[in-house]
There are 2 protein chains.
Amino acid sequence: MHVALAQINPVVGDLLGNADRILQAVDKVIDTEATPPALMVTPELSLWGYPPRDLLFSSAHLQQQTEALEALCKGLASRGSAMALLVGFADAADDSLHPSLFNALALVEAGGWRVAARKQLLPSYDVFDETRYFRPSQGGAHVTLRQGGRDWRIGLTICEDLWVEDELHDRRLVGPDPVGGLIDQQIDLLINCSASPFGRRKGALRQRLAFRAAQRLRCPVVYVNQVGGNDELVFDGASFVMGSNSETPLLQLPSCVTTTATWNAEGAAQPAQSLNAGRATDHEGLNEASDELELLFRSLVTGVRDYAGKCGFGKALLGLSGGIDSALVAVIAAAALGTEQVQTLLMPSPWSSSGSITDALTLSERLGLAHFIVPIETLMEGFEKTLTPTLQAAPSGVTAENLQSRIRGTLLMAVANQQGQLLLTTGNKSELAVGYCTLYGDMNGGLAVIGDLYKSTVFALCRWLESDAAGLCRSELGLPAKGALIGTAILEKPPSAELRPDQKDSDSLPDYDRLDPLLIDLIEHRLSGDQLVAAGHDPRDVERIERLFRRAEFKRRQAAPLLKMSSQAFGSGWRLPIAAHA
Amino acid sequence: MHVALAQINPVVGDLLGNADRILQAVDKVIDTEATPPALMVTPELSLWGYPPRDLLFSSAHLQQQTEALEALCKGLASRGSAMALLVGFADAADDSLHPSLFNALALVEAGGWRVAARKQLLPSYDVFDETRYFRPSQGGAHVTLRQGGRDWRIGLTICEDLWVEDELHDRRLVGPDPVGGLIDQQIDLLINCSASPFGRRKGALRQRLAFRAAQRLRCPVVYVNQVGGNDELVFDGASFVMGSNSETPLLQLPSCVTTTATWNAEGAAQPAQSLNAGRATDHEGLNEASDELELLFRSLVTGVRDYAGKCGFGKALLGLSGGIDSALVAVIAAAALGTEQVQTLLMPSPWSSSGSITDALTLSERLGLAHFIVPIETLMEGFEKTLTPTLQAAPSGVTAENLQSRIRGTLLMAVANQQGQLLLTTGNKSELAVGYCTLYGDMNGGLAVIGDLYKSTVFALCRWLESDAAGLCRSELGLPAKGALIGTAILEKPPSAELRPDQKDSDSLPDYDRLDPLLIDLIEHRLSGDQLVAAGHDPRDVERIERLFRRAEFKRRQAAPLLKMSSQAFGSGWRLPIAAHA
């Protein structure tokens, strides 16, 4: 059995455009293969792009879906291709009950298309809301395809259907075992069409799940994942083929690039003995990311590139403070959009250290980013003068600090508005957790690039970027391959918001090496106060941080979409009440 | 059978506090009834407050739930009460699968508590995410209670379990028929514990569903709904008892107030002949809202009162523009928090009409609200001067308009920060739909009070407030009972943002009597462009408005929580992608 894996980057809701992207992958396979494969596999809901969210309620989009499926049939016919396509689509139930759809796979051939499988396990945790749209299918699915003079029985699963091993992860859903249901079906090959977002160490988990399925079914598993960024989610691709003999994949596609590959299972009736390693046909110059930090960096770059591109922005703007957060965002933006498309704004106040300005300037110049300096002192005085009669005193304390941040946020929006740029938000997850950020100020922007990175991770990523290990990645992404990028001045200064004289983050917060482990337990592990103390965190830190954390919920509710990188990001997968006893 | 209905207003996540609120209702019933009822019924998830959202993942809260159930038992014992309580709680499954809870009812008595029912139909549409937390129960439930020398078989359902008549509404869920499942159980009474948010004409729908159930089961239905505001949702209460003979309820509790009532079904084995009308024990001086607009107004007032109160704010601030939207919000805020707790800020620019200032002043004085006037011209000049070198021109067009809005937003936040006030957002749904609002400007605030009212509804509600019909409601809510409130000057001026000379909304948008019906079809009915034209909307309007509507999704994503009043509000029940082909 000869199979093509199409790791495509669909645009959400662009059904006809996504059909076209699938046909482009068909062309690439036809162009590169002497004998074209019998089947090309695309990701989950590949016609829609994942996640389509409430677009699934749009009858116009459902109508376009029918046109898109027909366009695929015609496309195969006009190419004279005998290849079949597995395409993710939304299959409408034939009654009026709610929810009204199945998350399904169509088997598309030149002569027509038919429903080949429906998803059985529907995730409704974290960012996933599939039970809002879909019904679970009650039965398994397989198709039989003829190639090389024999019939191949191919089992079909969709994303979560493979996540049935509760020893490997802690979110086994109530429901059937779609892999187990295929054991008696004597299948030759298992296919899993996925839209699985990037997460730390998630690639290895997917492969362990596939390996377990391969062992249970005694056949290889073809796993095709979506690639690209859609709003807050970044899909890393990294599709693969896994055999039942070894946890090392038989074929591994790269992360964070659109690509196709083919794989040939000769005589896979006894798959353990007869597997051929496949080959990727299109790496687009990128090697497989070997390192967690590199993968994190590439995922962030993908997220920014696609959010900007799919929103129609070619250019971005950000405020550079001289601190490490905005420095990292500048590097990511430059890698994502190109240095000529990124501008920086430096907005010193009387409390800015001279180092901050020079460090920000050095960074802009090193990256080749256009920069503007806009001092805010006059506007600070203007607001003070305007507000004093009403407040019967000059603004002070947090009010005065917020004012500086909001003046900067307003300047950034004015420049971005006038120049048609996407404003990038530069705050990190630690700040957002404790509310150490200003709503309508530094939180302004269309995308919070590092809003799911703890400050410690920001440091780690920046140190990696400065290391020799990052050289190839830097050069592949169009950054200077060698020498300082962030620079030691920025890397080594103590974090400060510089909103009052000689301010340091550590005046208000525990040091980040105490704060971040506490936040991880609070957010990722959802530990309570008592549990945090029992886990060894300082009881005074716990009390203070928990209080700050709860009180910042209203800020997080109005935060810009942020690129989800962790197992528990703020954003659509974080749903806490505000007016509550939390 | 003598039953008490406890229409309580829980605080989300405050498990011990909510147990106390339930015991307060017990005391009220004991104090007023010579013979206490055998059973008191509370709303769905009454120990948690609805919706608890991700607090259901908190093991500390689950631990407190156990304490709260024990506190209820002890509370009944210490009162020497033989009354049983039906209490909504989260029942943990005894395995490690996901989701791990049932949405359940506990039967609590002085001697202990037990699981009495588990919800069968779990809503996962609109604002509801119950499948994120709960598993559906596969079977129905009833309990038997002894009173008056006989056994009473009582069927138990939870909220959606009653919504099984697809002729009455268009969201019948896939799943069992919990009412039908009780037909063979010879029950004497059906109980439904609900947390059903306010919606237009929803009270009548709930009663029709209950009437149909009463007819199918040939017994009365006791329907107990939560009351009060929790973030964006306002629960209107309006609990009732419905017999099987007439659609007129046997007992009707008022809307938007915490209250208890008792009802006695003597010999209800033949319920159709033997029902006694009950009586409300505690109306707290409010009559049942007879009119849709009155109910809408009371719901908005409840939403503001509870959001502020449950967030710990006693005071509110809003910007008054002289237009109708902020005028209505001022009236709602005054009714919710008291006139002494509400301040207004008037922030004229060179483009403000003199009428706008005087109209805003008149309104503040009529309502007795403290006001401040803070002209923004100097700050406009300051930003122009600061930005011109960078932009190589003075800010113009939308940039300049947004600047004015953001100066005002920054001033409002500074005053609210310094004085510890909740800033109320004053924009309406029509604006939010087409993006006729400024992110980080007039969209600033903790709660968007009328963010789910179309401009036409704003006008209708204001006209009602000026009418004689509103007199009693006005006086009950502490507003001047007679005379102009909004005033004709504000009611009759053409809507304008006043961001440039002589600007009118109608320069950029169709008149609201064309715009709003189009928006309702686009949002509430999710019609596509073609369908909108087919429905009779002007094709040029359709094209323009659809484009504006799609492009404003990023603004809505960062909008303040808004009080949901319609069947499709922006907010947690509106989940569209931003970077998409919508």
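**How two chains meet**

Q: How many salt bridges does the rule find across the interface of chain B and chain A?
A: Let's begin where the two chains of this predicted model meet. A pair counts when a side-chain nitrogen of Lys or Arg lies within 4 Å of a carboxyl oxygen of Asp or Glu. Across the interface of chain B and chain A, the number found by this rule is six.

Q: Which residue of chain B meets Asp129(A) in a salt bridge?
A: The cut-off for a salt bridge is 4 Å. Here the N to O distance is 2.9 Å, and the side chain that meets Asp129(A) belongs to Arg575(B).

Q: Which helix gives the largest share of the side of chain B that touches chain A?
A: Several helices of chain B each supply at least two residues to this side, among them α2 (59-78), α6 (292-311) and α10 (397-419). The largest share is 13 residues, and the helix that gives these is α10(B).

Q: How many nonpolar residues does the side of chain B that touches chain A have?
A: Sorting this side by class gives 24 polar and 15 charged residues. The nonpolar residues number 40.

Q: What is the area buried between chain B and chain A?
A: The size of an interface is often given as the accessible area lost when the parts come together. In this model, 79 residues of chain B are in contact with 79 residues of chain A. Carbon and sulfur atoms give 58% of the buried area, which is about 7400 Å².

Q: Which strands are the edge strands of chain B's open sheet?
A: The sheet has five strands with parallel pairing, in the order β18-β17-β16-β19-β20. An edge strand pairs on one side only, and that describes β18 (370-373) and β20 (447-448) of chain B.

Q: Which residue in β20(B) is the bridge partner of Thr425(B)?
A: Strand β19 (residues 422-425) of chain B runs parallel to β20(B), and two bridges join them. In β20(B), Thr425(B) has as its partner Ala448(B).

Q: How far apart along helix α6 of chain A are Asp306(A) and Lys310(A)?
A: These two residues form a salt bridge, with their closest N and O atoms 4.0 Å apart. They are four residues apart in the helix, so their separation is about one helical turn.

Definitions and conventions. Residues are numbered from 1 along each chain as its sequence is written. Chains are lettered from A and ligands numbered from 1 in the order in which they are written. This is a predicted model: local features need pLDDT of at least 70, side-chain atom pairs count only at pLDDT 80 or more; totals for chains, interfaces and linings use all residues. Side-chain values use heavy atoms; hydrogens and water are left out. Contact means heavy atoms within 4.5 Å. Buried area is the accessible area (1.4 Å probe) that two parts lose on being put together, summed over both. Ala, Val, Leu, Ile, Met, Phe, Trp, Tyr, Cys and Pro count as nonpolar, Asp, Glu, Lys and Arg as charged, and the others, Gly among them, as polar. Two strands pair if DSSP finds at least two bridges between them.
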